[in-house]
Amino acid sequence: MQATETAAMADARRALEICNACRYCEGFCAVFPAIERRREFPAADLGFLANLCHGCNGCYHACQYAPPHEWALNVPAALARVRHESWSETIRPATLRGLLRRPLAATAGAVLVAGLAALASAHGMARAHTGPGAFYAVIPLATLIALGGASFLFALLALAASALAAWRGLGGTPRPVHLLRALHDAATLKNLGGGGGGCPYPGEQPSAARRHAHHALAGGFLLAFAATSVATIDEHLLGWHAPYPLFSLPVLLGVAGGVLMLAGAARLILLKRVADPAPLAAETLAADRVLLGLLAAIAASGLVLLALRGTVAMPPLLVLHLALVLGFFVTMPFGKFLHGPHRFAALVRDAMERDPARR
Amino acid sequence: MESVQQTPDILVPDILVPDILVIGGGHAALAAAITARRLGASVLVAEAAPRPMRGGNTRHTRNLRAVHDAPRGTLTGAYLEDEYWDDLLRVTHGQTDEALARMTIRASADLVSFLSDCGVRFQPSLAGTLSLSRTNAFFLGGGKALLNALYREAERLGVSVCYETPARAMTMRQGTIAEVVLRTPGGELRVVPRAVVAAAGGFQANIAWMREYWGEAAENFVIRGTPYAQGDVLRLLLDGGCAPVGDPTQFHAVALDGRAPRFDGGIATRLDSVPFSIVVNRDGQRFYDEGEDLWPKRYAIWGRLIAQQPGQVAFSICDAPAARDFMPSVYPAVTAPTIAHLARALGLDPLALAATVADYNAAVRGGAFDPTVLDSCHTEGLAVAKTHWARRIETPPFVGYPLRPGITFTYLGVRVDATARVRLADGTPAPNLFAAGEIMAGNILGRGYLAGFGMTIGGVFGRLAGEGAARHAGN
Ligand SMILES: Cc1cc2nc3c(=O)[nH]c(=O)nc-3n(C[C@H](O)[C@H](O)[C@H](O)COP(=O)(O)OP(=O)(O)OC[C@H]3O[C@@H](n4cnc5c(N)ncnc54)[C@H](O)[C@@H]3O)c2cc1C
Ligand code: HEM
Ligand code: SF4
Ligand code: SF4
């Protein structure tokens, strides 16, 4: 996957070599057994191990060689740096790689441009609209489809290119059972479990807080995504026009998804504010914060839009929500969202390596 | 005690009067503090190290040895008292106390559940330690994770913990501890406790003290664990009239990668290359049978063997195929295309090393190499034989590692009885002084070592000391 040797890679390799001679953290996650399957750590393997690491911090607080020890070992931070580099490597088009390190500017810019585009085509911004098709009275359906479709397609293509690069790093073709195992590990975030007792985040005390909050966020995200998909079907196949009644499938899914997303993102933001900075790689945190903020804003604006859709606040809220969603689509392939495909690929590779039939 | 619940360096009254003062901050100290606090005593823990380095040698541990009659938790099979005792007898060559030892072995039965209740978690035996899965319970994340859980539990219960606070002086009257002086970051602090638990470890990090027995050589020892094991408390107790136990000149030592840090290198600097190589001293000469017995049974003698060589160094030499047979060290192997080049890279005389290797290669005999049994690969006709696993060193690149003695702990301690109460030199029990852990391990472990037994002694005696001290304070 990666060709050039960086300082982050050298530091991670040093750390993993020490771990391989120590092995005390073997029970925390899948990373340590994967370390023990190796004697050397070439660049591609570092990327794999870095994406397999879920950043639970268990191996920092347990480490007998953590600072102020002269070896100053910080496995989570070292792997977080390599992880970001590995994402950067796979970003397509390559000219946009720098955006990973400027997430706020990238996201704010994308949201702004999307907002302006939506505003340019908006009508009747200062009055209430009701009844079927009310949203399209503000922004014409064709514009919605053009903006949404184009940005989503772009995200899909760019993400697919990135995922393909990650896939090539797998070093083999997975069998369905490997995909199922990876799906299980991703859905449960088993590796954020600290070997069963929770992981030390935000502080030294083991806790399931982050894992549960992520479940809420990712689960909510999937529900919200499902809501959008159902709405698209309703709209185009069934000819029903949004806004939908409260007890329709898209609204129910959207509300559940929005609430879960908001709760999860808010919890993660709060945890992040009090998180012990020692095991974290400071330069990777902005990407986390920006995605968290964006997802929280999408969920909040969607919920408020639902609540106030009969009022004069609807048109500006609609433009805002649309701008945030479009901004999210466009920046997905250059930001923290990349952790999804990369982590999944790492889990697949781990399942392949663990498979006794392949050894 | 009420006046200083949290941070005595902010709020330093002249004198503290806790029920119990626990000196030390490792496994033994915390087992005592938690036990005493649970019995209602007010407890002050004085730990010499700063918080990030708290916990002494316990930071570097990975398991304890527990008796059990059926599979329990991560422990497989059964490990009964008599087998445990036999194992101990074998490693100590009888330098133990059967009554104390059997009591410890029996008490190890519920150590795992005591620790689990404190939030410590366990994991199956680590890769490469399958042989210990029956006898030893491994801490998830190792000793530092164990300590984090114990400190959390102690703080939750309301034990006061002072870091960077070594005990510096002690007033003993007729064997009773009247006062202890602690040195805190904010100045001296006088403590007048009802009872004291001494759990401050051995003295292996005190090079000046080690020099008394080992002379110049002590300067070349690597200390595997904490630099805070200065033995100050042990010395105060012995000077105050407590009965000594254990040979002061002796310590447990293993062969380490010679590039290990002076202190706190822990487990990762260990090198298991010896049975797969030949080991030469600074003069390029072999000095001991590298294949005498299976490595787990022999690894602990190599520390002392190297400590007795000139300059306290040795070099493990093998070839490329053999280097794949042992765990990698944290430091890169020194490699070279010829033995002479390897000698130069290691700072050895090329002619001497080449001659040693040539003689050895010529003497190698025997059949199928098998590292898991005492195989028939041996040498013939050498002054120093290699009796097993002898293979010619002939396939480049040649591989070398420098070795040094790494001191784990010292055997000198204070004598205790079966309630962890310290004995005075005249044989009478000290009224308000208890000891636990390495500072008294010599009572049971007078020689040798049994993997996981150090932590077992610390836990068993820590709990006894905490209980005894709390009962004493309650009266
Ligand atoms: C690398 C290594 C690995 C080991 N692995 C194992 C293992 O896997 N299993 C096992 O059973 N044993 C192991 N041991 C042995 C084990 O560490 C000890 O038996 C055990 O930790 C002893 O516990 P303790 O509490 O008595 O001493 P320690 O844990 O050393 O604690 C002593 C404490 O006293 C403090 N102290 C020192 N002087 C003072 C003072 N003047 N005032 C106040 N505090 C003071 C120190 O800072 C420290 O906190 C290992 C040892 C080493 C070095
Ligand atoms: C393949 C599926 C996924 C896996 C395995 C996964 C895993 C993880 C892990 C381990 C973390 C914590 C470590 C880190 O910050 O990098 C994390 C953080 C995060 N994830 Fe996911 N994730 C997945 C999908 C998603 C989805 C679908 C979303 C929502 C769109 C999401 C949003 C986030 C956010 C915002 C963070 C940052 C949280 C913080 O910094 O506290 N993830 N993810
Ligand atoms: S993180 Fe530290 S304690 Fe854990 S395996 Fe690595 S070196 Fe050992
Ligand atoms: S931070 Fe957590 S997930 Fe990452 S390597 Fe350490 S223990 Fe494993």
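Modeller: The ligand sites come first, followed by a few residues of the two chains. This is a predicted model, in which local features need pLDDT of at least 70, side-chain atom pairs count only at pLDDT 80 or more, and totals for chains, interfaces and linings use all residues. Residues are numbered from 1 along each chain as its sequence is written, chains are lettered from A and ligands numbered from 1 in the order in which they are written, and side-chain values use heavy atoms, with hydrogens and water left out.

Colleague: Which protein donors does the iron atom of ligand 2 have?

Modeller: They are A:His214 and A:His339, each through NE2, at 1.9 to 2.0 Å from the iron. Donors are N, O and S atoms within 2.8 Å of the metal (3.2 Å for Na, K and Ca); water is not among the atoms, so sites may look incomplete.

Colleague: And where do these two histidines lie in the chain?

Modeller: A:His214 belongs to helix 10 (residues 209-238) of chain A and A:His339 to helix 14 (residues 339-354) of chain A, so the pair ties together parts that are 125 residues apart in sequence. Helices (H or I, at least four residues) and strands (E, at least two) are DSSP runs, numbered from the N terminus.

Colleague: What is the geometry of the site of the iron atom of ligand 2?

Modeller: The site is octahedral, with angles of 86 to 179° among the six donor atoms. Six donors count as octahedral if opposite donors are over 155 degrees apart and all others between 65 and 115.

Colleague: Is A:His339 buried or exposed?

Modeller: A:His339 counts as buried because its relative accessibility is 16%, while A:His214, at 25%, counts as partly exposed. Buried means under 20% relative accessible area, exposed over 50%, and partly exposed in between (1.4 Å probe, protein chains only).

Colleague: Let us move on. Which residues come nearest to ligand 3?

Modeller: Of the 13 residues around ligand 3, the nearest are A:Cys19, A:Cys22, A:Cys25, A:Cys59 and A:Cys63. A residue is near a molecule if one of its heavy atoms lies within 4 Å of it. Helix 1 (residues 7-22) of chain A gives the largest share of this shell, three residues.

Colleague: What classes of residue make up the shell around ligand 3?

Modeller: There are 11 nonpolar residues, one polar and one charged. Ala, Val, Leu, Ile, Met, Phe, Trp, Tyr, Cys and Pro count as nonpolar, Asp, Glu, Lys and Arg as charged, and the others, Gly among them, as polar.

Colleague: Which residues are around ligand 4?

Modeller: Among them are A:Phe28, A:Cys29, A:Cys53, A:Cys56 and A:Asn191. The shell around ligand 4 has eight nonpolar, four polar and no charged residues.

Colleague: Now the backbone. Where is the peptide bond to A:Pro202 placed, and what is its omega?

Modeller: The bond from A:Tyr201 to A:Pro202 is cis, with omega near 5°. A:Pro202 is in the loop between strand 1 (199-200) and strand 2 (206-207) of chain A. In chain B, the bond from B:Pro396 to B:Pro397 is also cis, with omega near 0°.

Colleague: What phi does B:Gln174 have?

Modeller: B:Gln174 has a positive phi of about 50°, although it is not a glycine. B:Gln174 sits in the loop between strand 8 (167-173) and strand 9 (176-184) of chain B, and its relative accessible area of 76% makes it exposed.

Note on methods: Tetrahedral: all angles 85-135°; square planar, octahedral: opposite > 155°, others 65-115°.
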